[in-house]
Amino acid sequence: MTRALITLGIILGFGILKLPAERSLAQEHRDWHLADLDLNLTLREKIGQVGFVAALSGFRAMLADILFIQAEAAWERTEWGRVLFLFRQVTALQPHVPLFWDMAAWHMAWNASAAAMNNPKQPRQALRIKAQREYFTIGKDFLERGIKNNPRNPKLYESLAMLYRDKYNDHARASEFFRKAADCPGAPSYDKRFSGYELSYCEGWEPQAYIQLRRLYDEGEQERLPTLIKRLKYLETKLNIPPSQRIPDQVK
Amino acid sequence: MTEQISTVAKYRRFSPWRVLALATNALVELARQKVFYVLLIFALILIGSSVLMARFAFQQEFQILKDVSLGAMSLFTSILAIVATARLIPQDLEDRTLYTILAKPVPRYEYILGKLFGALLLLAISIAVMAALFAAILYLREQSVLDQTWRQMRSGPPGQVDDALSTIRASGLNSDIFVGVTVIFLKASLLAALTLFISTFATTNIFTVVVMVVVYFIAHLQPVAREYWLQQAHAGWISRGFLALVALIFPDLQAFNLVDDIVAGVAIPMAIFTKTLLLGIFYIVIYTMAAIFVFYGKEL
Amino acid sequence: MTDLAVEVEGLTKIFSIPFRKQSITAVRDLNLRIETGEVYGLLGPNGSGKSTTLKIILGLVSPTSGRTEIFGQDSSQVATRQSVGFLPENPYFYKFLTGTETLRFFGKLCGLRGWDLKDRVQELLDLVGLTEARNQRLGTYSKGMLQRIGLAQALINEPALIVLDEPTAGVDPAGSHEIRNLIVDFKKRGVTVLLSSHLLEQVQEICDRIGILAKGKLVREGPLQELIAIEDRTELVLENASDKLMKDIEKLATKAKATVIERRRSTTTLERLFLKVTSDQNRND
């Protein structure tokens, strides 16, 4: 009996020793955004009891994947409500996987919105447009939250820029987000060009757009893509750039 | 022959050879268990079946492959660690081999160390096999997608091709995955040490396994208990006492769930990895020492 | 003092049952002295404390009070086991190991390595007659073979003291005969043997001294022959004695005021008959 008590004492003693180490490690995790997944009741509500247990047991990733596959299946059946529901769970479980936020936004802002716009069951156009815009907002929300959780991932900024460009026709915001995407590590080279293009569509922003695109042009051959040259020429005409400073005409 | 002490070999207080003999023996014994083969084959099938995910885009495919493989490795090594280690000491007691071993000049702590290292060797080998299969599949798929993409984009501007290829490589095989595998091994080793400790005073094999399953779940809640205990000043002293016990006795198994984030592509800083490693080793040492202490008092 | 292989003084062991008031006293104030080079039999019925005493001597169980020493050193120290070999009751060992592998395993635990280990293993396999079965798994061994491999592992480190707990229990007559021969062989080499048994006739032939345990107490101890000799009776075994001679002897005895208790034909033991008959059968096959 005494041995049992001493053993318990040893474990408790070491327990006290390990506490600061555990807390400091947990803090480091939080600092690096590795584990800001709050394991509290709201999460439990979101994913149900089994999911909660699985999440705690460290199988968040597998569970998220299973739900993701289910979401894709729901999409094929155009069950938009279910798609949204499942993607909410998937992104709650794995907030640090940009792919999930991106896919969620795509399904909402591109697919669900289109389905809502063309919904044969809704005769009133005004209501269809309203539904479509709601899906835009949901998609935008996914991307914004995704960016909050993954601030250094270029793809999410890119997708948000495309959302503003294609769905809201907001070239200013599109340009801003393409630029933010370009600032992220590992961004594809077209992001900075797209930022310039979008800026060039904004009324009153032509001078800045010209500077941006010209700077890119000066970087070399790899930037001198057809669209860039086209927009640059358009801006040169619009801004009356003196001929000596204009880019040479393309020789094909 | 009237000499008192044998001239064959001198007794040494600590002998790594004795521990090695005990460890390899434990390893052979465990590797013969049917449950080991069943688990291993199941895990390999699971990893292999993720190849069927090729219908998705490559990013999703690689994502799922990594999740399933690392998840399978984590799950099966956890189960193996508990189930295999639980039977080591009771089996020796039942077969009376424990008497013959301890009647030799083998200190009891070396016996415990030998069993532990045998279990750790088993886990290491299993993880190595699973990781090799997983890495091979991922590498082959990555090469295949790279090849396909290069062929499709061959005529495009070089910048774009490089972008595409580097995106593929970023989601494919990278060094963080092996950090993840190491952490999985660490967690399994922790569970093995804890199981060994429980088995030193448990009455039956089943008891050990059941206790360990409960411990596994509670240990995942330990960080929650810990923070509630240390931060919530207004809770009653009974509940605070209970939370304190959980926080002190159980290990923080959540700290070893780096796998989820590794798969998400978040790079693990060296500092965190090192601290996790040290914490894991610390736990293993504590529970092994506790096991040795209990074992010294055990009536055989 | 150093002539004593084993010394036990005031040994008491009480097993307490957790959560119950009662406890079991397995051994009660036991005193034992075993001299170097003798074969000592610790006898007694089941539950008399024999196994417990042996385990305490080997340091597997700790005593409640008293002390035990092997060759002058406290037997709870691990170092003393370098000179002791133990064969437990009904051993199983590791079923998946072969005979050779089993001996190699135990040899390594005793610090043997390389060629020394190899030679020793071979030597012991020959000694216990298991050379042919050396590459078979222990799971396939008969009870007698298991006892013999057990004996071999007990000898792996050339111990000066061998402790055997029920060495012939459950073994057939041929097997137990071989084991007894081995024990006699040990004695010839100067090894001290401490064995416990409840098969009394079998140990009668090999022990020098015996101690009888009952309910944890040593009720009788001493040299075997002295203990079992019936003091005032003598046996005289004759071959080819005629009836007339027998009658003369009886008359002499009565004249000398001795009593003839019994006259009968000498018998062999059932065991010897069994062994002779079965080995003859083996030869004819």
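In what order do the four strands of the open sheet in chain C stand? The views below take up this point and others.

The model is predicted: local features need pLDDT of at least 70, side-chain atom pairs count only at pLDDT 80 or more, and totals for chains, interfaces and linings use all residues. Residues are numbered from 1 along each chain as its sequence is written, while chains are lettered from A and ligands numbered from 1 in the order in which they are written.

**View 1. The open sheet of chain C.** The order is S2-S1-S4-S5, and the pairing is antiparallel. Strands pair if DSSP finds at least two bridges between them. Strands (E, at least two residues) and helices (H or I, at least four) are DSSP runs, numbered from the N terminus. Strand S2 (23-35) and strand S5 (73-74) of chain C are the edge strands. Each has a single partner strand, so one side of each lacks a neighbour in the sheet.

**View 2. Strands S1 and S4 of chain C.** S1 (residues 4-16) and S4 (residues 65-70) of chain C run antiparallel, joined by five bridges. Val6(C) faces Ile70(C) of S4(C) as its opposite residue.

**View 3. Helix H1 on the sheet of chain C.** H1 (residues 50-57) of chain C lies across S1, S2 and S4 of chain C. The helix runs at about 120° to S1(C). Axes are lines fitted to C-alpha atoms, for helices over the stretch in contact; angles run from 0 to 180 degrees between N-to-C directions.

**View 4. Helices H2 and H6 of chain B.** H2 (residues 34-49) and H6 (residues 108-152) of chain B pack at about 15°, with their axes 10 Å apart. H2(B) and H6(B) are therefore roughly parallel (angles under 35 degrees). Their crossing is right-handed: the near helix is turned clockwise from the far one by less than a right angle. H2(B) contributes Leu40(B), Ala43(B), Leu44(B), Ile47(B) and Gly48(B) to the contact. Residues from H6(B) include Ser126(B), Val129(B) and Phe134(B). The contact residues are nine nonpolar, two polar and no charged. Ala, Val, Leu, Ile, Met, Phe, Trp, Tyr, Cys and Pro count as nonpolar, Asp, Glu, Lys and Arg as charged, and the others, Gly among them, as polar.

**View 5. Where chain C meets chain B.** Of the two pairs of chains in contact, B and C share the most contacts. Residues are in contact if their C-beta atoms, placed from the backbone, lie within 7 Å. Chain C gives 37 residues and chain B gives 32 residues. On the chain C side, H2(C) gives the most, with four residues.

Note on methods. Parallel < 35°, antiparallel > 145°, perpendicular 65-115°, else oblique.
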